[in-house]
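Could you walk me through this model, one question at a time?

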Amino acid sequence: VTEGSDSPSEKMRILGDGKVGIGLSAPGRELSLYASTNPAIQIVNSDSGVGSGDGFKIQLGAVTADDVSIINQESSGSMFFGVNDSIDMTILDGGNVGIGSTDPKGPLHVKCNTNNYGLTLEDSDVGSNETFSLKMDGGGHLQFEAGTADDLASKGTFMTIKDDGTVGIGATSPDRKLHINSGSTNECVLF
């Protein structure tokens, strides 16, 4: 596709294998876009408006002097990400992020199924494989567990906080405000 009548210049090329290049004569992917500065793809509809600040945009560069990639909902509204026709992550207009929640109540809102881990941290040292995990057990308990990447709870639950405010360190069913159990039957402190 060319533009201009006296000396036309190529703007888009469609190769025999179906690859489309906009601003490129040899596209490397099914759809390749080239611009010398800040290439962007904009998706709009009749509800979003059709101006340069409307709709949804995927852009490379322009926010800082460094190369950056930008995915931006130009208009007000939320963004949703998912797999298999489900919504797995939400970013609301105000910036709150929900993982497993479509209506996050704070800057980060993680909603997971019973006995699933809401947060897992893994040591990146080679061979370490150590993890620290946080989960809700379904019975009103917030549990802190240690383990490995292969078995998140392999080293056990080391702290439990129940929904009534009782805390167990080394105790998974605390019955006092603070219940500390060292593992030995003779070494238990209750407050």
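Here are some questions and answers on the chain, its loops and its surface.

Residues are numbered from 1 along each chain as its sequence is written, and side-chain values use heavy atoms, with hydrogens and water left out. This is a predicted model, where local features need pLDDT of at least 70, side-chain atom pairs count only at pLDDT 80 or more, and totals for chains, interfaces and linings use all residues.

Q: How many helices and strands does the secondary structure of the chain come to?
A: Happy to start there. Helices (H or I, at least four residues) and strands (E, at least two) are DSSP runs, numbered from the N terminus. On that basis, the chain comes to zero helices and 19 strands.

Q: What percentage of the residues in the chain is buried?
A: Buried means under 20% relative accessible area, exposed over 50%, and partly exposed in between (1.4 Å probe, protein chains only). The chain has 191 residues, and the buried share of them is 19%.

Q: Which residues is Ser25 in contact with, leaving aside its neighbours within four places in sequence?
A: Ser25 sits in the loop between strand 4 (20-22) and strand 5 (31-33). It counts as partly exposed because its relative accessible area is 43%. With contact meaning heavy atoms within 4.5 Å, and neighbours within four places set aside, the partners of Ser25 are Glu10, Arg13 and Leu15.

Q: Is Asn84 buried or exposed?
A: Asn84 belongs to the loop between strand 9 (79-81) and strand 10 (89-91). Its relative accessibility is 74%, so Asn84 counts as exposed.

Q: What is the phi of Asp85, which is not a glycine?
A: Most residues other than glycine have a negative phi. Asn84 has a positive phi of about 55 degrees. Asp85 lies in the loop between strand 9 and strand 10, and its phi is positive too, at about 60 degrees.

Q: Which residues form a negative surface patch?
A: Asp and Glu count as negative, each charge being placed at CG of Asp or CD of Glu. Asp123, one of the members, is partly exposed because its relative accessibility is 33%. The patch is formed by Glu122, Asp123, Asp125, Asp150 and Asp151.

Definitions and conventions. Patches are made of residues with over 30% relative accessible area and no salt bridge: like charges are joined within 9 Å, nonpolar side chains (Val, Leu, Ile, Met, Phe, Trp, Tyr) within 5 Å. Accessible areas come from the Shrake-Rupley method with a 1.4 Å probe; for residues, only the protein chains shown count as cover. A salt bridge is a side-chain nitrogen of Lys or Arg within 4 Å of a carboxyl oxygen of Asp or Glu.
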